[in-house]
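Dear colleague,

Please find below the structure that I am handing over to you. My findings follow it, arranged by topic so that you can read them with the model open.

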Amino acid sequence: MTTFVRGLKCRLCGKTYPQDPLNFCTEDFGPLEVDYDYEAIARTLSREKLAARPNTMWRFRELLPIDGEPTVGSQVGGTPLVRADRLADALGVERLWLKNDAVNFPTLSSSDPS
């Protein structure tokens, strides 16, 4: 599968790194971000193409900084967000969304409470 990841890049100094399991710059300890080929992404991907794929994190496979095939299940990701207006009001924030992780644990629905 085509990947649009060119490597990693320090957010502070701009130093580039290969696509390795590294999360900080060895020069200034700045955070590393994925360095994408945005022109290739624009030519190839669209919202419509992504929306037509299964609702898992693998719909974004070309944008993930991993080599080879995925090593976790095909159903990973796609956790729904729930708008929490009353909690947002109580906290004094404009908008608040919470992840509903309960839907990612199918074993809970069949567990024995005893």
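**Overall layout**

Starting at the N terminus, the elements of the protein chain follow the order β-β-β-α-α-β-α-β. This makes 3 helices and 5 strands in the protein chain. Please keep in mind that the model is predicted. The protein chain has 114 residues, of which 22% count as buried.

**The sheet**

Three of the elements belong together in an open sheet of 3 strands, with the order β2-β1-β3 and antiparallel pairing. The edges are taken by β2 (16-17) and β3 (32-36); each has a single partner strand, so one side of each is left without a neighbour in the sheet. Strand β1 (residues 5-10) runs antiparallel to β2, and 2 bridges join them. To find this pairing in the model, please look at Lys 9, which stands opposite Thr 16 in β2.

**Salt bridges**

Side chains of opposite charge can pair when their charged atoms come close. The structure holds 6 salt bridges, and I describe some of them here.

One of them joins the side chains of Arg 11 and Glu 33, at 2.7 Å from N to O. This pair links distant parts of the chain, as Arg 11 sits in the loop between β1 and β2 while Glu 33 belongs to strand β3, 22 residues apart. Arg 11 has a relative accessible area of 53% and is therefore exposed. Glu 33, with 36%, is partly exposed. Pro 65 is placed in the loop between α2 and β4, and its relative accessibility of 38% makes it partly exposed.

The loop between α2 (47-51) and β4 (81-83) also contains Glu 62. Is Glu 62 buried or exposed? Its relative accessibility is 7%, and because buried means under 20%, Glu 62 counts as buried. Glu 62 forms a salt bridge with Arg 53, in which the closest N and O atoms are 2.8 Å apart. The side chains of Glu 62 and Arg 53 are also joined by a polar contact of 2.8 Å. Arg 53 itself counts as partly exposed, at 25% relative accessibility.

A further salt bridge is found between Asp 85 and Arg 83, with the closest N and O atoms 2.7 Å apart. Asp 85 counts as partly exposed at 42% relative accessibility, and Arg 83 counts as partly exposed at 42%.

**Aromatic pairs**

The count of aromatic pairs comes to 2. In one of them, the rings of Phe 24 and Phe 29 have centres 5.8 Å apart and planes at 25°, so the pair is stacked. Phe 24 is partly exposed, with a relative accessible area of 34%, whereas Phe 29 is exposed, with 63%.

**A nonpolar patch**

Finally, which residues form a nonpolar patch on the surface? They are Leu 87, Leu 91, Val 93 and Leu 98, which together have about 330 Å² of accessible area. Leu 91 lies in helix α3 (residues 85-91). At 56% relative accessibility, Leu 91 counts as exposed, because exposed means over 50%.

With kind regards

Note on methods
Residues are numbered from 1 along each chain as its sequence is written. This is a predicted model: local features need pLDDT of at least 70, side-chain atom pairs count only at pLDDT 80 or more; totals for chains, interfaces and linings use all residues. Side-chain values use heavy atoms; hydrogens and water are left out. Patches are made of residues with over 30% relative accessible area and no salt bridge: like charges are joined within 9 Å, nonpolar side chains (Val, Leu, Ile, Met, Phe, Trp, Tyr) within 5 Å. Accessible areas come from the Shrake-Rupley method with a 1.4 Å probe; for residues, only the protein chains shown count as cover. A salt bridge is a side-chain nitrogen of Lys or Arg within 4 Å of a carboxyl oxygen of Asp or Glu. Helices (H or I, at least four residues) and strands (E, at least two) are DSSP runs, numbered from the N terminus. Buried means under 20% relative accessible area, exposed over 50%, partly exposed in between (1.4 Å probe, protein chains only). A polar contact is a pair of N or O atoms within 3.5 Å; within protein, one must be able to donate a hydrogen and the other to accept it, and residues adjacent in sequence count only if both atoms are side-chain atoms. Two strands pair if DSSP finds at least two bridges between them. Rings of Phe, Tyr and Trp (its six-membered ring) pair if their centres lie within 6.5 Å; planes under 30 degrees apart count as stacked, over 60 as edge-to-face and the rest as tilted.
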